[in-house]
Amino acid sequence: MKSLVCLKQVPDTETQIKVNPDGTGIVTEGIKYVINPYDEFSVEEALRLKEKFKAGEVLILSIGPDRATEAIRTALAMGADKGIHISDESLNNSDPFVIAQALAAAAAQTEYDIIFCGHRAIDDDFGEAGAMLAELLKLPQVTLVTKVDIADDKTKAIVERDVEGGKETVEVPLPCVLTSQKGLNEPRYASLPGIMKAKKKPIDKKTAADLGISPEPKLRSNAYSMPPERTAGKKFEGMEPPDVAKAVVQALRNEAKVI
Amino acid sequence: MAERFVSRRNLEFLLYEVHRVERLSAQPYFSDHSRETYDLVLDTAMKIARDLMYPHLQEMDQKAPVLENGQVKVHPAIKGIMKEWGEGGWIAASMPYEVGGQQLPTAVATACNYVFAAANFSSTGFPLLTAGAAHLILSYGSDDLKETYAPRMLAGEWQGTMALTEPQAGSSLSDIVTRAEPTDGGYYRIRGQKIFISAGDHDAAGNIVHMMLAKIKGGPPGAKGISLFLVPKNRIKSDGMLEPNDVTVATVYHKLGYRGCPITQLSMGENDDCRGYLVGEPHKGLSYMFQMMNEARLAVGMQAASIASAAYYAALEYAKERPQGRKISSKDPLQPQIPIIEHADVRRMLLFQRGVVEGSLSLILQCCTYSDLSRTEDVEQSQRYALLLDLLTPVAKSYPSESGILAVSQGLQILGGYGYCQEFPLEQYYRDIRIHAIHEGTTGIQALDLLGRKVVMKNGQAMRLFLEEVGAVVQEAAQDSELSPYAERLKGALDTLGQVTMRQVQFALQGDVETFLADATLYLELFSIVTIAWQWLAQGIVARKALDAGCSPLDAQFYQGKIHAMRYFFHYEGPKTAGLAARLMEADGLTVNMTAAAFDD
């Protein structure tokens, strides 16, 4: 079973994000980066498939600046076999369409039975790259996947996905693109022996030119801003209870506009 | 609850900038490692601590282990934690490749353990004891014992313990009475009682392997007749199956803190069918056990510092958010209240915590670095580092333990009434940290070890090396105009320590050992303040250099904070040396000469 896992390095969920003074992006100094949690589910699922079929390969594909190597290395320490790091200034901070193009071009140069993407990245929250990638590769795709069963002959997968209020089970022919959702599995931690082995595993560096693409984004972000700070609550004091109740109801209706 | 329990930035500062662990890669044993490995190792430790260990901190305290039908039941999370420590390679982290270890420098492995212990101290007792016990078997056990026990312990399947204390023999191990009677079957028959055995029995491990001290019948009296035995809870039959080995759990103690880990009383040989396997040679058990004890003493210091770290970050978070009162200079009640971190006295308490936490951690990593450096093939250098480690082990065990109690107490104080309540973690940290001044040799025992043994050993050679090491830092700091006043202070304190040492040793030379060691604990305290000041000055030097070389605003803030904390330690803790020295120079045997009856009133 050969799995291609698309992986993005994102700021740790515990990092406090600040917008830079000119509003063109976030302050990156001091940020701790991790593997996008949804991509971690992908890595784990790919490792389990390899273990189940007792053969195959888990290939990690990531786009990003030099530091993205750390995320690939972490996936290798979890047990993945090889990495491809697409490192090209023209691709950093680009839109999902460009990312999908690069992923598709890199995928076209590899062999795979299945492609995993996280259903979205927790930093920009687009949730588009997986779908676009499937489209560009002309592959079927299933989104928000929470369970994967691959037939022994590796021709199809029975996949469970989240739908509002329940689950949907679908059958999809391989190769396909699956986007991972929370609940798919509990990702393993890297192990110390895994970390030592990961040092020796190959990471192939590629540029946009190597992939034969010249990316032209379809999206341009104009400005970043922080959500407004939460304003202080309002106290109703020194009134009789019936009057307080009236005042609160009025405030909820007229000021907060929630009832 | 506060989510932050350690500072990753500070760990990196101490490992890479102050103690420069990357230089260890020059040694063959560590040559496969680099900063890249260490960073990934630390990343993983932080993740495991945060996701697997920290979430159970409170519940493990509230649902303490129970004894049911002769079996101790622990919190169900322990099983998963032991498994992860085993399969992830954390138990064997610094052991050689041949036994399945990763040859990680002790400094880096200890930094990871510090992260784990800060997240959930109780849960680290299980794997750390297992690591120490396995290391003991691998160092002194027969091939058979090594092959049978070590792999399953390192895999986290079987629990290791250290079984030393008995009802009538705690600090005085020479008085143990557990008996070992030789048989023709390749084992000894064990009879006796052991108390306060951490992780002495529980249902998260498939077997419990006690490293037990006992006396072989007919052996010499006292410490010279103590032998080391491996006594399993379940022994292995010839078909490989386990059968009970006549080790009974008599009690699981109800404790002030450290409640996630069971502390048990064990009874061996009630049916005269408890088998023990001799480790190493007869009557040499205590010297073997010192390997595990010394490792455990450093681990205790590390754990105490880690709890104090968790308490610091919880108190800091509260201090930044809790509005209370106004600046003393502005009492206008119409002005909004200020967060309590704005009050000088709260800052003093926070700085005291930092002084203890970061000073202690630096000393522990210093000791670990000495241990790692002692692997050098240069015999003279190797001995030098081994001696320094020997000398400083009682300090690295007791300073974090004793001062950690005070530091956590100040953290609790910052929270006021909330600090005393279960809604905040401080009260648990306060209870959890208290054990460290007791187990693995009480503070009093550490003091006797330092003054009675380590300072005077080899004609004071270790002490001379220590003075050299501190002297080198003093000299370097003296070159920096901002640090030179602190270099001067440390030099003064070092001279005082030298005079006090001479004064004490005089009594020993005169044969008055009672007076010599009567105030050993005060001597330990004086020695510790000097030692921690040395570690702070070393940190100050690195911070000053980094600021001079130019760095990012975020780094500059970090280094300036370091220098503030260093200055705090010198100005607030440093002066305590004068009072301690004054008392120690008196050396009048006040406590020695008093009669016990004078206590009754």
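Trainee: How many helices and strands does chain A have?
Mentor: This is a predicted model: local features need pLDDT of at least 70, side-chain atom pairs count only at pLDDT 80 or more, and totals for chains, interfaces and linings use all residues. Residues are numbered from 1 along each chain as its sequence is written, chains are lettered from A and ligands numbered from 1 in the order in which they are written, and side-chain values use heavy atoms, leaving out hydrogens and water. Helices (H or I, at least four residues) and strands (E, at least two) are DSSP runs, numbered from the N terminus. Chain A has seven helices and 11 strands.

Trainee: What share of chain A is buried?
Mentor: Chain A has 259 residues. Its C-alpha atoms fill a box of roughly 75 × 45 × 40 Å along the principal axes.

Trainee: Is A:Val249 buried or partly exposed?
Mentor: A:Val249 sits in helix α7 of chain A, residues 241-255. Partly exposed lies between buried and exposed, which is over 50%. At 39% relative accessibility, A:Val249 is therefore partly exposed.

Trainee: How does α10(B) run relative to α11(B)?
Mentor: In chain B, the axes of helix α10 (residues 379-414) and helix α11 (residues 426-433) come within 9 Å. They cross at roughly 165°, and over 145 degrees counts as roughly antiparallel. So α10(B) and α11(B) are roughly antiparallel.

Trainee: Which word describes α5(B) against α8(B)?
Mentor: In chain B, the axes of helix α5 (residues 106-119) and helix α8 (residues 285-321) come within 8 Å and cross at roughly 50°. Under 35 degrees is roughly parallel, 65 to 115 roughly perpendicular, and the rest oblique. So α5(B) against α8(B) is oblique.

How values were computed. Buried < 20%, exposed > 50% of the residue type's maximum accessible area, 1.4 Å probe, protein only. Axes fitted to C-alpha atoms, helices over the stretch in contact; angles between N-to-C directions.
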